[in-house]
Amino acid sequence: MPAPLSPRFVELAAATNFSFLAGASHPEEMAVRAAELGLAGLAVADRNTLAGVVRAHAAAKQAGLAFAVGCRLSFTDDTPDLIAWPTDRAAYGRLCRLLTAGNMRGAKADCRLLRTDLPAYAEGLVFAVLPGTAPDAAVADTAALLAQATAEPVRMVVTAAYGPADRRRQAGAARLAERLELPLLASLLPLYHAPERRILQDVLTAISAHVPVDA
């Protein structure tokens, strides 16, 4: 009897260079690399924009890779960052309108989302909470709001930053998820497609933080 196949990983929260001063690879590069690594699928989730998903989808289709549309939502209040994936065309339209509402409040490239926006646009969207981007109380409030606003399950992302605090952070996220009864979702939250792109990503981070690269 042949050995059972190991489960294949799907990355559902990849950022590209459309995540301003964060992602360091083009959408096409992320899709091609995901296929080369043998991933079962990919979702691009750039910060407060859907601008990269068309190019990523085209590259994924050419590479024979399953693809999903996503978006990382960052808020101007104490709401934790969320990853949102639309389940159908109507939900995609609601996600677009949510981003439009945020963009109408701010200047160019300054999407200003609020937690109070979510109930009007959440239907048909699958959400995952990113712990550590807001206080635990705000995570709990947001999870409760989403549970009422959409029938889709809400999850909590766990990731590895490859630093000394990884195990402590992951254990804390797991405890919070258990208390809130949220299933865990693993993601690497990748910002680039190849190790050599790390230098560029460091420069982008330094520009965003207004500090020298060495700092």
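Q: What does contact mean here, and which residues does L188 touch beyond those up to four places away in sequence?
A: Contact means that heavy atoms lie within 4.5 Å, and in this predicted model L188 meets that condition with E11, T159 and Y162, once residues up to four places away in sequence are not counted. L188 itself is placed in the loop between β7 and α7.

Q: Why is L188 called partly exposed?
A: The relative accessible area of L188 is 46%, and because partly exposed covers the range between the 20% limit for buried and the 50% limit for exposed, L188 falls into that middle class.

Q: How far apart are L188 and A174 in sequence and in space?
A: L188 and A174 are separated by 14 residues in sequence, and their C-alpha atoms lie 16 Å apart in space.

Q: Why is T159 counted as buried?
A: T159 has a relative accessibility of 18%, and since buried means under 20%, T159 is placed in the buried class. T159 sits in the loop between β6 (154-158) and α6 (166-180), and, with neighbours within four places in sequence left aside, T159 is in contact with R169, Q170, S187, L188 and L189.

Q: Why is Y162 called exposed, and in which loop does Y162 lie?
A: Exposed means over 50% relative accessible area, and Y162, at 68%, therefore counts as exposed. Y162 lies in the loop between β6 and α6, and the phi of Y162 is near 60°, a positive value in a residue other than glycine.

Q: What is the phi of L189, and where does L189 lie?
A: L189 has a positive phi of about 45° although L189 is not a glycine, and L189 belongs to the loop between β7 (184-186) and α7 (198-209).

Q: How do you know that the radius of gyration of the protein agrees with that of a compact globule?
A: For 215 residues, a compact globule would have a radius of gyration near 17 Å, and the protein has 17 Å, which means that the two agree. The C-alpha trace spans about 55 × 45 × 40 Å along its principal axes, and 43% of the 215 residues count as buried.

Q: How many helices and strands does the protein have, and what pattern do they follow along the sequence?
A: The protein has seven helices and seven strands, which follow the pattern β-α-β-α-β-β-α-α-β-α-β-α-β-α when read along the sequence. Among contacts with a separation of 6 or more, 72% are accounted for by residues 24 or more positions apart.

Definitions and conventions. Residues are numbered from 1 along each chain as its sequence is written. This is a predicted model: local features need pLDDT of at least 70, side-chain atom pairs count only at pLDDT 80 or more; totals for chains, interfaces and linings use all residues. Side-chain values use heavy atoms; hydrogens and water are left out. Helices (H or I, at least four residues) and strands (E, at least two) are DSSP runs, numbered from the N terminus. Buried means under 20% relative accessible area, exposed over 50%, partly exposed in between (1.4 Å probe, protein chains only). The radius of gyration is taken over C-alpha atoms; the globule rule is 2.2 Å times the number of residues to the power 0.38.
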